[in-house]
Amino acid sequence: MKVLGIDIGGSGIKGAPVDLATGELAGPRHRIPTPDPSEPEAVAEVVGQLARHFEWRGAIGCTFPAIVHHRTVLTAANVDDSWIGVDAVTLFERTTGCPVRVLNDADAAGLAEMAFGAGKRRDGVVIMLTFGTGIGTAIFVEGNLLPNTELGHLPLRGRDAELRAAARIREEQKLSWKQWAKRVEEYLHLLEFFFSPDLFIIGGGVSKKQHKFLPYLSTRAEIVPAQLLNEAGIIGAAMSAIELAAPD
Ligand code: BGC
């Protein structure tokens with residue numbers, strides 16, 4: 001069964017058909033830069049362009065980098081504020097002409113890692129983290145997702161944790177990998193105090209550079225890098241729309 005997965009990020013909107021049996025992309029990805037400003041109509045137009053690029057007629061799963069409560073976007077930490085209150089499902093169904101499911105980007109990445117990547121066959125409490133422009137989080141208990149956890153906004157030293165420890169902050173503040181890793185470690189200890197996880201999965205763009213920072217991280221829980229790298233969002237988005245898909 002194939003579903004078109006679309007991953008909406010701060011700089012690019014990427015899509016590919018996904019084979020849900022294997023969790024693999026069923027064709028090459030296509031990427032279109034995120035419009036600036038990233039307002040709802042402009043982003044929805046790009047989502048429509050991607051559906052047309054793939055000549056897609058079936059189900060589509062789509063990530064969004066904010067709280068997505070059922071179909072409605074409730075926050076806008078790293079996208080245009082005009083998204084707040086928007087029914088993203090109706091909007092994307094209009095520009096694609098296809099049935100659509102929308103979910104938080106970290107939740108999507110977590111679903112993919114749990115099914116096909118670093119979280120496969122892992123039970124207990126697993127926390128997936130994505131380090132990028134912000135910090136995205138997804139919590140799984142015995143494999144079940146608690147959606148929209150938004151733990152990147154937990155206070156750390158008086159500010160949102162993502163303003164101290166996102167990957168973007170390392171670049172902006174020109175921190176060494178070690179300096180940044182110490183911030184991440186402090187954040188992981190905070191999460192550990194509240195949730196006592198068995199496993200942390202570290203994802204986002206930085207998972208490709210794991211050897212530069214993982215050696216500096218130590219927690220009671222095991223820490224592993226994400227395995228699906230750039231593709232986790234697309235794969236998890238597609239997985240979320242499985243009930244909308246017709247069998248092959
Ligand atoms: C948003 C989350 C999102 C994360 C990663 C945060 O700023 O609040 O919803 O998952 O960034 O994109």
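**Aromatic ring pairs**

Guide: In this predicted model, the count comes to 8 aromatic pairs. A pair of aromatic rings is described by the distance of the centres and the angle of the planes. For Trp177 and Trp180, the ring centres are 5.8 Å apart and the planes stand at 85°, so this pair is edge-to-face.

Visitor: How many residues apart are Trp177 and Trp180 in helix H6?

Guide: They are 3 residues apart in helix H6 (residues 177–195), which means that about one helical turn separates them. Both Trp177 and Trp180 are buried.

Visitor: Is the pair of Trp177 and Phe213 stacked or edge-to-face?

Guide: Trp177 and Phe213 are stacked, with 5.8 Å from centre to centre and 15° between the planes; planes under 30 degrees apart count as stacked.

Visitor: Which parts does the pair of Trp177 and Phe213 tie together?

Guide: Trp177 belongs to helix H6 and Phe213 to helix H7 (residues 210–213), so their pair ties together parts that lie 36 residues apart in sequence.

Visitor: Are Trp177 and Phe213 buried or exposed?

Guide: Buried means under 20% relative accessible area. Trp177 has 16% relative accessibility and therefore counts as buried. Phe213, at 2%, also counts as buried.

Visitor: Which residues do ring pairs link into a cluster?

Guide: The cluster linked by ring pairs consists of Phe131, Trp177, Trp180 and Phe213.

Visitor: Which residue lies over the face of Trp177?

Guide: Arg170 does, at 3.6 Å from the ring centre of Trp177.

Definitions and conventions: Residues numbered from 1 in each chain as written. Predicted model: local features only at pLDDT ≥ 70, side-chain atom pairs only at ≥ 80, totals over all residues. Heavy atoms only, no water. Phe/Tyr/Trp six-rings, centres within 6.5 Å; stacked < 30°, edge-to-face > 60°. Helix = DSSP H or I, 4+ residues; strand = E, 2+ residues; numbered from the N terminus. Buried < 20%, exposed > 50% of the residue type's maximum accessible area, 1.4 Å probe, protein only. Lys NZ or Arg CZ within 6 Å of the ring centre and 35° of its normal.
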